[in-house]
Amino acid sequence: MEEEAAHTAVDDHREAVAPRRMGELGRAEALRLLGSVSLGRIVFTHQALPAVRPVNHLMDGEDIIVRLHDGAALASIVAPTQATGVVVAYEADVIDPESHTGWSVVVTGYAHRITDAGELARFAARLRPWVEHPAMDSALRIRPDLVTGLRLTV
């Protein structure tokens with residue numbers, strides 16, 4: 001009985017929201033929207049399995065900069081000397097919970113550890129941690145190869 005009530009509530013909520021239209025975003029608009037938020041999710045391989053972590057970011061031109069700290073699973077994915085980097089995906093979105101309108105952007109590209117002290121200092125000043133961690137000791141640069149974005153409208 002309780003399970004039936006839960007399904008009814010979910011179904012009622014779905015019926016209250018009219019279907020949305022989904023439109024594709026161009027690369028420039030998708031990256032602009034990505035730069036308008038500071039939180040997203042990075043998808044990477046950890047111990048041979050897919051892993052997703054929420055992280056904060058900033059944009060440096062078209063590149064996405066993510067803060068790293070020692071001991072984190074994310075910090076272990078990229079060695080600074082890897083020429084090609086490691087393939088990752090990065091996603092951020094803003095979807096209104098009531099109207100179900102908004103946007104979502106997914107970037108796929110190569111991630112490289114940033115080792116230049118000047119660049120790290122510049123990013124550390126702009127990239128504030130959203131959870132308490134030790135000082136920023138490194139950062140990751142994601143160079144977008146594939147950028148896809150969707151806008152949900154009424």
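# Reading a hairpin, a core and a charge network

Modeller: Start at the hairpin of strand 5 and strand 6, where six residues lie between the strands and H100 takes a positive phi near 60°. Bear in mind that this is a predicted model.

Colleague: In what sense do strand 5 and strand 6 pair, and over how many bridges?

Modeller: The pairing of strand 5 with strand 6 is antiparallel and runs over ten bridges. As an example, E91 has V106 in strand 6 as its bridge partner.

Colleague: How should I picture the side chains along such strands?

Modeller: In a regular strand they alternate between the two faces of the sheet.

Colleague: Which strand pairs with strand 6 over 13 bridges?

Modeller: That is strand 7, again in the antiparallel sense. One of the bridges can be found at G102, whose partner in strand 7 is L152.

Colleague: Where is T101 placed?

Modeller: T101 sits in the loop between strand 5 (86–95) and strand 6 (102–114). Its side chain makes a polar contact of 2.7 Å with the side chain of S99. Leaving out residues up to four places away in sequence, T101 touches V94, I95 and D96, as well as R20, L152, T153 and V154.

Colleague: Let me step back to the whole chain. How many helices and strands are there?

Modeller: The protein has three helices and seven strands. Read from the N terminus, the order is α-β-α-β-β-β-β-β-α-β.

Colleague: What share of the contacts joins residues at least 24 apart in sequence?

Modeller: The share is 71%, taken among contacts between residues at least 6 apart.

Colleague: And what percentage of the residues counts as buried?

Modeller: Of the 154 residues, 36% count as buried. The accessible surface comes to about 9200 Å², and carbon and sulfur atoms account for 56% of that surface.

Colleague: Which residues have the most contacts inside the largest nonpolar core?

Modeller: They are I42, L74 and Y90, in a core of 26 residues. At least two residues of this core come from each of helix 2 (27–35), strand 2 (39–46), strand 3 (49–60), strand 4 (63–68), strand 5, strand 6 and strand 7 (138–153). Apart from that core lies another, of seven residues, including L58, I65, L120 and F123.

Colleague: If I select L74, which residues does L74 touch?

Modeller: Beyond residues up to four places away in sequence, L74 touches I42, F44, V55, V66, L68 and L140.

Colleague: Now the charged residues. What is the general idea?

Modeller: Side chains of opposite charge can pair when their charged atoms come close. A search of this whole structure finds eleven salt bridges.

Colleague: Which residue meets R27 in a salt bridge?

Modeller: The partner of R27 is E62, at 2.7 Å from N to O. This pair links distant parts of the chain, with R27 in helix 2 and E62 in the loop between strand 3 and strand 4, 35 residues apart.

Colleague: What does R122 pair with in strand 3?

Modeller: R122 forms a salt bridge with D60 (3.3 Å, N to O). R122 belongs to helix 3 (residues 117–126) and D60 to strand 3, 62 residues apart. R122 also meets E119 in a salt bridge, at 4.0 Å from N to O. E119 and R122 are three residues apart in helix 3, so about one helical turn separates them. Both are partly exposed: R122 has a relative accessibility of 37%, and E119 has 24%.

Colleague: Which residues are linked with E119 and R122 in a network of salt bridges?

Modeller: The network also takes in D60, D63, R141 and R143.

Colleague: Is R141 buried or exposed?

Modeller: R141 counts as buried because its relative accessible area is 7%, where under 20% is the limit for buried. R141 lies in strand 7, and a polar contact of 2.6 Å joins its side chain to that of E119.

Colleague: What else is in contact with R141?

Modeller: Setting aside neighbours within four places in sequence, R141 is in contact with D60, D63, I64, I65, Y110, A111, H112, I114, E119 and F123. Among them, I65 and F123 belong to the core of seven residues.

Definitions and conventions:
Residues are numbered from 1 along each chain as its sequence is written. This is a predicted model: local features need pLDDT of at least 70, side-chain atom pairs count only at pLDDT 80 or more; totals for chains, interfaces and linings use all residues. Side-chain values use heavy atoms; hydrogens and water are left out. Helices (H or I, at least four residues) and strands (E, at least two) are DSSP runs, numbered from the N terminus. A polar contact is a pair of N or O atoms within 3.5 Å; within protein, one must be able to donate a hydrogen and the other to accept it, and residues adjacent in sequence count only if both atoms are side-chain atoms. Contact means heavy atoms within 4.5 Å. Buried means under 20% relative accessible area, exposed over 50%, partly exposed in between (1.4 Å probe, protein chains only). Accessible areas come from the Shrake-Rupley method with a 1.4 Å probe; for residues, only the protein chains shown count as cover. A nonpolar core is a set of buried Ala, Val, Leu, Ile, Met, Phe, Trp, Tyr and Cys residues joined through side-chain atoms within 4.5 Å. A salt bridge is a side-chain nitrogen of Lys or Arg within 4 Å of a carboxyl oxygen of Asp or Glu. Two strands pair if DSSP finds at least two bridges between them.
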